[in-house]
Amino acid sequence: GETAKKVFESVGIDFISENRAMGNYRSAPEIALCMDAIFGYDVDILLWDFALTDGRNVEYFNLWSNRAGLIPTMPTLFVYGGRDERKAISEELQQRGMSSVYVPDLNELRKFLPDSSSSSSSGEFNNITVDDLPRGVKWYMCDGHVERSGRCDEFKWATNPPCTGEVRSQKNYHNGWYAMTIYLLFLLLCHAPFVLIWE
């Protein structure tokens with residue numbers, strides 16, 4: 001959110017980004033039916049990123065998106081990846097007057113990321129060493145696998161030591177993928193061919 005904040009400040013917009021993620025929750029029924037308590041009423045953009053937990057249950061997204069349409073500020077929905085049925089629901093929302101942006105599966109981008117096992121400090125890969133890679137992609141791909149091979153597994157983010165004591169139901173993911181996803185959505189927001197009205 002900090003990068004986006006600086007860009008929007010340059011044109012006089014106060015950009016506020018808040019993470020309201022709750023680990024391992026589906027988009028419905030709990031979150032969909034409690035949107036006012038979770039997100040409030042002053043929302044301009046909502047990101048749906050529940051593909052992992054919703055799975056094939058497209059009806060969860062249907063409920064979540066229709067409930068989002070009841071928020072008085074009429075937020076723009078960003079729907080990240082998922083099934084073709086979600087794309088169809090997103091298009092139906094647009095026909096009903098809601099602002100809904102369907103973002104295709106970003107997993108295709110992985111094939112363009114450098115393999116850290118091929119770019120170590122001892123050897124070079126396309127004249128780039130692993131130390132030259134940005135934090136978001138360093139130790140993300142190893143031996144053609146994501147987050148789970150060789151040294152990549154050693155560098156995955158974990159709740160310990162940042163959090164003391166036992167933190168249950170947490171998965172040690174590589175935070176670079178989520179950072180990249182947010183950056184891409186931010187770029188889309190800055191260059192999208194639609195007008196957002198800010199008060």
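Colleague: Cys-34 first. Is it buried, exposed or partly exposed?

Modeller: Cys-34 is partly exposed, at 35% relative accessible area. The scale runs like this: buried is under 20% relative accessible area, exposed is over 50%, and partly exposed is in between (1.4 Å probe, protein chains only).

Colleague: Ground rules before we go on?

Modeller: This is a predicted model, where local features need pLDDT of at least 70 and side-chain atom pairs count only at pLDDT 80 or more, while totals for chains, interfaces and linings use all residues. Residues are numbered from 1 along each chain as its sequence is written, and side-chain values use heavy atoms, with hydrogens and water left out.

Colleague: Back to cysteines. How many disulfides does the search find?

Modeller: The search of the whole structure gives 1 disulfide (a pair of cysteine sulfur atoms within 2.5 Å). Cys-142 and Cys-152 form it, with their sulfurs 2.0 Å apart. The link is right-handed, with 80° about the S-S bond.

Colleague: What does the pair tie together?

Modeller: Cys-142 sits in strand β4 (residues 141–142), and Cys-152 is in the loop between β5 (145–146) and α7 (175–191), so the link joins parts that are 10 residues apart in sequence. Element names come from DSSP runs: helices are H or I with at least four residues, strands are E with at least two, numbered from the N terminus.

Colleague: Are those two cysteines buried or exposed?

Modeller: Cys-142 is buried, at 1%. Cys-152 is buried too, at 0%.

Colleague: Switching to helix α5. Which of its residues are buried?

Modeller: For α5 (residues 58–68), the buried set is Val-58, Tyr-60, Phe-61, Trp-64, Ser-65 and Ala-68. They lie on the same side of α5, because they span an arc of only 145° around the axis. That arc is taken over the directions from the helix axis to the C-beta atoms.

Colleague: What covers them?

Modeller: The cover includes α2 (27–33), α3 (35–39), β1 (45–48), α4 (51–54), β2 (76–80) and α6 (84–95).

Colleague: And Asn-62?

Modeller: Asn-62 is also found in α5, but it counts as partly exposed at 33%. Asn-62 and Arg-86 are 24 residues apart in sequence, and their C-alpha atoms are 7.8 Å apart in space.

Colleague: Core next. How many residues are in the largest nonpolar core?

Modeller: There are 22. A nonpolar core here is a set of buried Ala, Val, Leu, Ile, Met, Phe, Trp, Tyr and Cys residues joined through side-chain atoms within 4.5 Å. Met-35, Phe-39, Leu-46, Trp-64 and Leu-77 have the most contacts inside this core.

Colleague: Pick Leu-46. What is it in contact with?

Modeller: Contact means heavy atoms within 4.5 Å. Beyond its neighbours within four places in sequence, Leu-46 touches Met-35, Phe-39, Trp-64, Ala-68, Ile-71, Pro-75, Thr-76, Leu-77 and Phe-78.

Colleague: Now rings. How many aromatic pairs?

Modeller: The count is 5. Rings of Phe, Tyr and Trp (its six-membered ring) pair if their centres lie within 6.5 Å; planes under 30 degrees apart are stacked, over 60 edge-to-face, and the rest tilted. Phe-8 and Phe-15 are a stacked pair, 5.0 Å centre to centre with 10° between the planes. Phe-8 is buried at 9%, and Phe-15 is buried at 14%.

Colleague: What about Phe-61 and Trp-64?

Modeller: They are stacked as well, at 6.4 Å and 25°. Both lie in helix α5, 3 residues apart, about one turn of the helix. Phe-61 is buried at 0%, and Trp-64 is buried at 0%. Trp-48, Phe-50, Phe-61 and Trp-64 form one aromatic cluster.

Colleague: Last topic, charges. How many salt bridges?

Modeller: The structure holds 4. The rule is a side-chain nitrogen of Lys or Arg within 4 Å of a carboxyl oxygen of Asp or Glu. Glu-18 and Arg-20 make one, at 2.1 Å from N to O. Glu-18 is exposed at 52%, whereas Arg-20 is partly exposed at 37%. Asp-14 and Lys-5 make another, at 3.2 Å. Arg-96 and Glu-92 meet at 3.6 Å.
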